[in-house]
Amino acid sequence: LCGRPDVTLADVRYVLSHPNILGACSAFLETRIPAGSPQALAPLDLISTISTTEAARKVRNGGFALGAACAIATKEAAAKHELSVLAEDIGNDAFLETRYILFHLRNGEASKVPPPFPRDVQNALQKRSACFALSNEPGAIFKLLACWALRNIDVLKVETRPLALGLRAPPSLTKARLWDYLFYVDYAVPADKEINEARLWDALSEFSLWHRDFGAYSSQVTRAEKTPQEWSDMIDLMTKS
């Protein structure tokens with residue numbers, strides 16, 4: 001939580017951030033900021049912005065009539081916009097992480113600049129992402145995942161999205177039924193060269209109706225060990241709610 005240098009938690013009447021971030025920090029906003037309490041005479045006003053950086057920019061520019069404003073943003077955004085950090089680690093879940101994907105032209109100006117996040121990761125993981133349409137039949141997902149399992153390749157994530165028709169449909173797929181899905185898969189690219197990528201994709205093609213390879217890229221993922229929340233912290237939140 002960051003604000004102008006002269007602001008304290010007791011002064012805060014507005015909190016700005018992306019709507020997902022506001023929801024993820026609800027316990028702190030309701031229990032640690034006086035205006036967030038249900039008994040407060042002047043309730044806390046939560047303002048959604050398109051990004052946390054935009055929230056920091058608006059707080060720096062000011063213009064809030066009824067009291068001080070703060071933003072939930074990164075330390076980098078606070079420093080860029082000359083804001084002071086009022087509180088850290090304010091999320092409801094101490095292990096909540098956000099996934100950022102950085103796109104740029106391969107030969108553009110951005111390719112010459114180091115990635116802005118995160119700066120504390122020692123070793124970047126090489127990942128590959130792909131999308132598949134499968135037959136709606138028993139064992140379809142098992143057969144696809146077996147292509148990686150039999151090669152001892154780590155599948156990091158599997159997501160599904162309903163299969164659409166029209167302009168958004170994959171080429172050659174002209175029919176779709178309810179409960180037909182696209183499967184998005186992220187997997188770790190093996191460090192050794194023993195894996196034959198061409199043969200892997202031959203197998204994946206055999207067990208899918210359609211596929212699209214999104215390519216390989218460096219992914220910086222934290223692997224911090226999760227620990228239970230301290231009882232003192234939980235009791236502190238409950239007594240202040």
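Thr-31 sits in helix 2, which covers residues 26-31; helices here are DSSP runs of H or I with at least four residues, strands are runs of E with at least two, and both are numbered from the N terminus. This is a predicted model, in which local features need pLDDT of at least 70, side-chain atom pairs count only at pLDDT 80 or more, and totals for chains, interfaces and linings use all residues. Residues are numbered from 1 along each chain as its sequence is written, and side-chain values use heavy atoms, with hydrogens and water left out.

A polar atom of the Thr-31 side chain lies 2.6 Å from the backbone oxygen of Ala-27. Buried means under 20% relative accessible area, exposed over 50%, and partly exposed in between, with a 1.4 Å probe and protein chains only.

| Residue | Relative accessibility | Class |
|---|---|---|
| Thr-31 | 14% | buried |
| Leu-145 | 31% | partly exposed |

Four strands make an open sheet in the order 7-8-6-9, with antiparallel pairing; two strands pair if DSSP finds at least two bridges between them. Strand 7 (155-162) and strand 9 (210-219) are the edges, each pairing on one side only. From one strand to the next, the twist averages 15°, where axes are lines fitted to C-alpha atoms and angles run from 0 to 180 degrees between N-to-C directions. Seven bridges join strand 6 (residues 125-133) to strand 8 (residues 181-188) in the antiparallel sense. Ser-129 has Asp-186 of strand 8 as its bridge partner.

Methods
Polar contact = N/O pair within 3.5 Å; in protein donor to acceptor, adjacent residues only side chain to side chain.
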